Amino acid sequence: MNLWKKTLDLLFPRRCPFCGRVTGGELLCAPCADALPITGEHPAAEGTFGRCAAPLYYERQVRDALLDFKFRGKMGGVDCFGELLSDCAAGSFAGEFDTVSWVPVSEQRRRERGFDQSFELCRAACRHWGVEPTPTLRKVWDNPPQSGIHAPEERRANVLGVYEAIPPNVWGRRILLVDDILTTGATLTECARVLRESGAAEVVCLTLGRKR
């Protein structure tokens, strides 16, 4: 196995998802480890969604890496993203959740894109805890993408009623809900509302990036 891994590393060297440098087997290159816009000692934000922690601010190379992942299907950084997410959740919400879930895309969007980006982030984080993601929501309407809407009130209206809970996986659970980006918080607010109204005991949120 070691020989096989070394061969793969030689043929397909691991690259930093934020700058593309060969990392020598590390998940993140040293320059980016020093230069990324980290949220630092205050990773959690509060809003109508409750609390949401993020390891990084959504700017510069973080924004580029997330857009490459989400819209161009560049999956090479998922392991790195998962480690950043799991470390952030452990520091922000240790002992506060017993179920890890994600904000799902619609089935139509998943077919078009080929994957669900929030599920992939959730699954990558879960690998560090030795658990499997639990589906707690389904998207019942393929609404227009939030990325094309800028006014906060329009973003809020765009997601109203588009999610429904999966009751057996929600009732009494303390849920860590994973998404890719926190901007206005409209999507997380709607998802958290649906989960709480469906019997979740607690909902805390986790994204890879958030706006300052």
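**Cysteines and the packing around them**

Mentor: The sulfur of Cys 32 lies 3.6 Å from the closest cysteine sulfur, that of Cys 29, which is too far for a bond. Keep in mind that this is a predicted model.

Cys 32 counts as buried because its relative accessibility is 4%, and Cys 191 is buried at 0%. In soluble globular proteins, nonpolar side chains tend to be buried together.

Take Cys 32 first. Cys 32 is one of the residues touched by Phe 18, leaving out residues up to four places away in sequence. The other contacts of Phe 18 include Leu 28, Leu 36, Leu 56, Gln 61, Val 62, Ala 65, Cys 80, Phe 81 and Leu 84. Phe 18 is also, with Leu 176 and Leu 206, among the residues with the most contacts inside the largest nonpolar core, a set of 36 residues. The elements that give two or more residues to this core are helix 3, helix 4 (78-93), strand 4 (99-102), helix 6 (117-127), strand 7 (174-182) and strand 8 (202-210). Helix 4 gives the most, with eight residues. There is a second, separate core of 22 residues, which includes Cys 52, Val 159, Ala 165 and Leu 195.

Cys 80, Phe 81 and Leu 84, contacts of Phe 18, are among the buried residues of helix 4, and so are Val 78, Leu 85, Cys 88, Ala 89 and Phe 93. The cover over the buried residues of helix 4 includes strand 2 (50-53), strand 3 (56-57), helix 3, helix 6, strand 7 and strand 8. After helix 4 comes Gly 95, with a positive phi near 80 degrees.

Helix 3 (residues 60-72) holds Arg 60, which has a positive phi of about 50 degrees although it is not a glycine. Arg 60 is partly exposed, with a relative accessible area of 48%.

Now Cys 191. This residue is one of the buried residues of helix 8, along with Ala 186, Thr 187, Leu 188, Thr 189, Glu 190, Ala 192, Val 194 and Leu 195. Helix 8 is mostly covered, with nine of its 12 residues buried. Helix 8 (residues 186-197) reaches 17 Å from its first C-alpha to its last, close to the 16 Å expected at 1.5 Å a residue. Its buried residues pack against strand 2, strand 5, helix 7 (152-159), strand 6 (163-165), strand 7 and strand 8. Leu 195, already listed in helix 8, is included in the second core. Just after helix 8, Gly 199 takes a positive phi of about 110 degrees.

Gly 47 is in strand 1 (residues 44-47) and counts as partly exposed, at 39% relative accessibility.

Conventions. Residues are numbered from 1 along each chain as its sequence is written. This is a predicted model: local features need pLDDT of at least 70, side-chain atom pairs count only at pLDDT 80 or more; totals for chains, interfaces and linings use all residues. Side-chain values use heavy atoms; hydrogens and water are left out. Helices (H or I, at least four residues) and strands (E, at least two) are DSSP runs, numbered from the N terminus. Buried means under 20% relative accessible area, exposed over 50%, partly exposed in between (1.4 Å probe, protein chains only). A disulfide is a pair of cysteine sulfur atoms within 2.5 Å. A nonpolar core is a set of buried Ala, Val, Leu, Ile, Met, Phe, Trp, Tyr and Cys residues joined through side-chain atoms within 4.5 Å. Contact means heavy atoms within 4.5 Å. The expected span of a helix is 1.5 Å times one less than its number of residues.
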